[in-house]
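Subject: Handover of a structure and notes on it

Dear colleague,

Please find the structure below, together with its sequence. My notes on what was found in it follow directly after.

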Amino acid sequence: MDGSATFPDVTLAILAGGQGSRLGGVAKGLLSVEGLTTLERLRAFGSHFEDVLLVANVSAPYERFGLRTVADAVKGKGAPGGVHAALGAASTRWVFAVACDMPFVTEAAARVVLDARGEDVDAVCIERDGRWEPLFAAYRTELVSHWGEALVEDPSLRGLLMRFRTRTLPVDALRAVDPELRALANVNTPEDLVRYGVTLP
């Protein structure tokens with residue numbers, strides 16, 4: 001980047017995940033909102049970060065976007081493997097991880113999480129209704145080796161986060177800048193398409 005990033009020590013990692021089986025097998029980064037694909041929207045959001053990378057085991061649908069793309073280093077581990085790949089590929093001290101089907105993330109919403117980082121913290125995420133939101137979360141890249149070792153046990157993202165110094169923020173902290181919590185919205189089902197005004201590619 002050109003040195004003007006809002007978050008100069010953070011890489012935005014966009015996790016492509018699997019194919020959207022509940023949406024007919026579409027590549028979910030190609031879903032469209034207001035004339036832009038979700039990946040285009042996230043690429044624009046990425047201007048706030050020092051670097052942007054896409055974690056995708058099947059990269060062909062996304063090649064036209066020109067994003068640096070990495071595949072999972074440890075195959076078959078789902079989102080935990082995707083975060084691990086991002087931690088290993090990032091050149092910054094921190095990674096901010098989102099899913100490719102999250103069309104409404106904003107700088108203000110990300111700042112809530114990123115401002116809660118500290119030297120005594122390895123990761124930061126939002127807690128909503130007792131659930132953690134690990135794909136709108138910040139991770140210290142130094143975690144990569146221990147994270148990779150833990151993947152052998154097939155833990156969930158929350159299970160992994162519980163092994164480290166994770167700071168959880170109440171959802172009201174996010175609601176202060178995003179009253180409808182749209183930044184956390186992801187598109188998984190036909191009902192989500194209608195709810196969020198999303199169209200298939």
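I begin with a pair of facing residues: V33 is positioned opposite V198 in strand 10. Helices (H or I, at least four residues) and strands (E, at least two) are DSSP runs, numbered from the N terminus. Please note that this is a predicted model, in which local features need pLDDT of at least 70 and side-chain atom pairs count only at pLDDT 80 or more, while totals for chains, interfaces and linings use all residues. Residues are numbered from 1 along each chain as its sequence is written, and side-chain values use heavy atoms, with hydrogens and water left out.

The open sheet

Strand 2 (residues 32–33) and strand 10 run antiparallel and are joined by 2 bridges; two strands count as paired if DSSP finds at least two bridges between them. They belong to an open sheet of 3 strands in the order 3-2-10, with antiparallel pairing. Its edges are strand 3 (36–37) and strand 10 (198–199), each of which pairs on one side only.

Strand 6 (residues 94–99) is mostly covered, with 6 of its 6 residues buried. Here, buried means under 20% relative accessible area, exposed means over 50%, and partly exposed lies in between (1.4 Å probe, protein chains only). In a regular strand the side chains alternate between the two faces of the sheet. In strand 6 both faces are covered: W94, F96 and V98 are buried on one side, and V95, A97 and A99 on the other.

Strand 1 (residues 7–15) runs parallel to strand 6, and 6 bridges join them. The bridge partner of I14 in strand 6 is V98. Strand 8 (residues 131–140) is antiparallel to strand 6, with 5 bridges between them; in strand 8, R140 is the bridge partner of W94.

Aromatic pairs and charges over rings

The search of the whole structure gave 7 aromatic pairs. Rings of Phe, Tyr and Trp (its six-membered ring) pair if their centres lie within 6.5 Å; planes under 30 degrees apart count as stacked, over 60 as edge-to-face and the rest as tilted. One of these pairs is F96 with F136, edge-to-face at 5.0 Å centre to centre and 80° between the planes. Because F96 lies in strand 6 and F136 in strand 8, this pair ties together parts that are 40 residues apart in sequence. Both F96 and F136 are buried. The ring centres of Y139 and W147 are 5.5 Å apart and their planes stand at 85°, so this pair is edge-to-face. Y139 is buried at a relative accessible area of 0%, and W147 is buried with a value of 0%. One aromatic cluster is formed by F7, F45, F49, F96 and F136.

A charge sits over a ring if NZ of Lys or CZ of Arg is within 6 Å of the ring centre and within 35 degrees of the ring normal. The charged end of R158 is over the ring of W132, 4.3 Å from its centre, and R182 lies over the face of F104, 3.9 Å from the ring centre.

An annotated position

A "binding site" annotation from an unreviewed UniProt entry covers D101; UniProt positions are given in the numbering used here, feature names are shortened, and annotations may be inferred rather than shown by experiment. D101 is found in the loop between strand 6 and helix 3 (107–114) and is buried, with a relative accessible area of 3%. Leaving aside neighbours within four places in sequence, D101 is in contact (heavy atoms within 4.5 Å) with K28, A185, N186, V187 and N188.

With kind regards
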